Structures are given as structure tokens and as C-alpha cells.
Amino acid sequence: MTLSDDRFTIASVLGSATIHEAAGRIGALPPAILPADPTWQIAGPAYPVRCPPGDNLWLHRALYAAEPQDVLVVETGDTEPEWGYWGEILSTAAKTRRLGGLVLQGGSRDHAHLPTVDFPVFSLGRCIRGTIKDRELDHGRLGEPIEIGGVAITAGDLVVGDVDGVVVIPEADAEAVIEGGEERELAERTAMERIRGGETTLSLFGLED
């Protein structure tokens with residue numbers, strides 16, 4: 001199922017936590033993957049990329065293989081920001097290609113300049129250590145299924161990210177999850193109105209002894 005632009009917009013507004021809950025608490029990527037700028041939000045179809053550790057050649061290739069609005073979701077195998085795979089130049093190229101964002105299982109750099117480019121970068125954090133570009137290595141992949149933090153990711157899956165984290169939802173479930181997120185958001189607004197009116201969270205959620 002291909003979502004319309006307005007459904008991606010709604011998913012972004014709902015946010016990663018609401019989408020995660022509406023999906024039955026699945027799809028959350030490692031919590032260390034966060035935006036370089038806390039104001040950034042993303043929602044779009046996943047374009048999976050696999051990079052060899054310490055090598056960003058496949059990111060350069062992915063820029064021109066992905067479609068506008070796609071979110072690059074990159075598996076490197078890193079659990080800490082050991083390499084700076086991405087920086088201002090790649091952000092500028094991705095912005096020019098009108099991609100939707102980057103979710104990187106690795107480090108990024110040029111964080112002082114990334115907000116001026118205004119291409120959303122989610123990574124494990126800052127790292128100035130540079131990468132290689134080995135054309136002899138054939139360990140990278142574009143558009144094929146990957147896994148990050150136990151979450152399987154395939155092309156077209158819904159990616160939603162913000163300052164709380166990143167969640168990936170299977171494409172076939174995305175519309176139903178967004179609908180569930182809208183219902184959850186309405187229920188939460190109602191709950192907050194009742195709390196402001198004097199009700200306790202204990203009584204509201206049936207937590208009293």
C-alpha cells in the first residue's frame with residue numbers, strides 16, 4: 001500500500017511514540033538514534049541501505065538510487081558512533097535530490113552546519129572519524145531488506161522519527177496504524193481535558209487499589 005502525502009504528514013504530526021503505541025509497541029529502533037537537530041521530524045517510505053562498517057560509498061550510491069521523499073535507513077552494524085558516515089556534503093546532495101531524511105546506524109558530523117542545510121539527519125551521534133570509499137568491497141546493498149536493533153526493514157515501510165526516536169512500520173500495516181494513532185491522539189486529548197478538570201490519572205486509567 002502506498003500512502004498519500006497527507007497521510008505521511010499526519011504520521012509525522014502524530015509522532016514516533018504514538019505510532020509505536022498504535023502499532024502494538026513494535027518497530028522502535030535503538031533509542032540512541034536521534035535527530036542532529038531536535039526540531040526535525042520525518043515520515044516517509046523507507047529506502048534500506050547496507051554499508052560495510054567504516055565505508056560510506058554505498059550512501060553516495062543510495063542518494064541517486066532512492067526516489068524523492070524516500071527516507072534512507074542505513075544498517076552498518078555499528079552500535080556506537082565509531083565513524084562519521086554522513087556530513088554537510090551528503091546532506092546538501094540529499095536535499096537537492098528531495099529525499100525525505102536519513103536514519104543512520106552510525107555516526108555523523110558537521111553538526112553545526114547540518115541545520116542550515118535543513119535535511120533531517122538521525123544518527124547515533126557525533127563522530128569526526130572519517131570513512132573510506134572502497135570500490136572493491138561488495139558488502140553493501142541498496143533497496144534490500146535490512147535489520148537494525150532487531151527491527152526488520154524493507155523498502156516502502158513507514159518510517160516516522162522525531163526527538164523521541166524512530167519507529168518503522170511494515171508497509172502493509174501503515175494505514176491501519178495511522179488510523180489507530182489518530183484515535184489514540186483523540187483519546188489522549190480527552191484524557192488531558194478530564195485531568196485538567198480535576199480527575200486523577202489513577203481513577204482515569206483504573207489504577208486505584
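This is a predicted model: local features need pLDDT of at least 70, side-chain atom pairs count only at pLDDT 80 or more; totals for chains, interfaces and linings use all residues.

**Talking through the model**

Author: Leaving out residues up to four places away in sequence, Ser 91 touches Trp 86, Leu 114, Val 117, Phe 119 and Val 121, where contact means heavy atoms within 4.5 Å. Residues are numbered from 1 along each chain as its sequence is written, and side-chain values use heavy atoms, with hydrogens and water left out.

Reader: Where does Ser 91 sit, and is Ser 91 buried or exposed?

Author: Ser 91 is in helix H4, and helices here are DSSP runs of H or I with at least four residues, strands being runs of E with at least two, both numbered from the N terminus. Ser 91 has a relative accessibility of 0% and therefore counts as buried; the cut-offs are under 20% relative accessible area for buried, over 50% for exposed, and in between for partly exposed, with a 1.4 Å probe and protein chains only.

Reader: Which residues of H4 are buried, and what do they pack against?

Author: The buried residues of H4 are Leu 90, Ser 91, Ala 93 and Ala 94. Viewed down the axis of H4, these buried residues fall within an arc of 165 degrees, so they line one face of the helix; the arc is that of the directions from the helix axis to the C-beta atoms. The buried residues of H4 pack against H3, strand S4 (84-86), helix H5 (114-117) and strand S7 (121-123).

Reader: What is on the face turned away from that buried side?

Author: That face of H4 carries the exposed residues Ile 89 and Thr 96. Thr 92 also lies in H4, and Thr 92 counts as partly exposed because its relative accessible area is 39%.

Reader: How do H3 and H4 pack, in terms of angle and distance?

Author: Helix H3 (residues 57-65) and helix H4 (residues 88-96) pack at an angle of about 10 degrees, with their axes 9 Å apart. The axes are lines fitted to C-alpha atoms, for helices over the stretch in contact, and the angles run from 0 to 180 degrees between N-to-C directions. H3 and H4 are therefore roughly parallel to each other, given that angles under 35 degrees count as roughly parallel, over 145 as roughly antiparallel, 65 to 115 as roughly perpendicular and the rest as oblique.

Reader: Which residues make that contact?

Author: His 60, Leu 63 and Tyr 64 of H3 make the contact with Leu 90, Ala 93 and Ala 94 of H4. The residues of this contact divide into five nonpolar, one polar and no charged, with Ala, Val, Leu, Ile, Met, Phe, Trp, Tyr, Cys and Pro counted as nonpolar, Asp, Glu, Lys and Arg as charged, and the others, Gly among them, as polar.

Reader: Changing topic, what does Ser 108 touch?

Author: Ser 108 lies in strand S6 (residues 107-108) and is buried, with a relative accessible area of 0%. Setting aside neighbours within four places in sequence, Ser 108 is in contact with Trp 83, Gly 84, Trp 86, Val 121, Ser 123, Gly 125, Arg 126 and Cys 127.

Reader: And Arg 126, is that residue buried or exposed?

Author: Arg 126 is exposed, with a relative accessible area of 64%, and is found in strand S8 (residues 125-126). Apart from residues up to four places away in sequence, Arg 126 touches Pro 81, Ser 108 and His 111.

Reader: Before we stop, what is phi at Arg 25, and where is Arg 25 placed?

Author: Arg 25 has a positive phi of about 60 degrees although it is not a glycine, and its place is in the loop between H2 and strand S1 (34-35). Arg 25 is exposed, with a relative accessible area of 60%. Gln 69 is another residue other than glycine with a positive phi, near 85 degrees, and Gln 69 is found in the loop between H3 and strand S3 (71-75).
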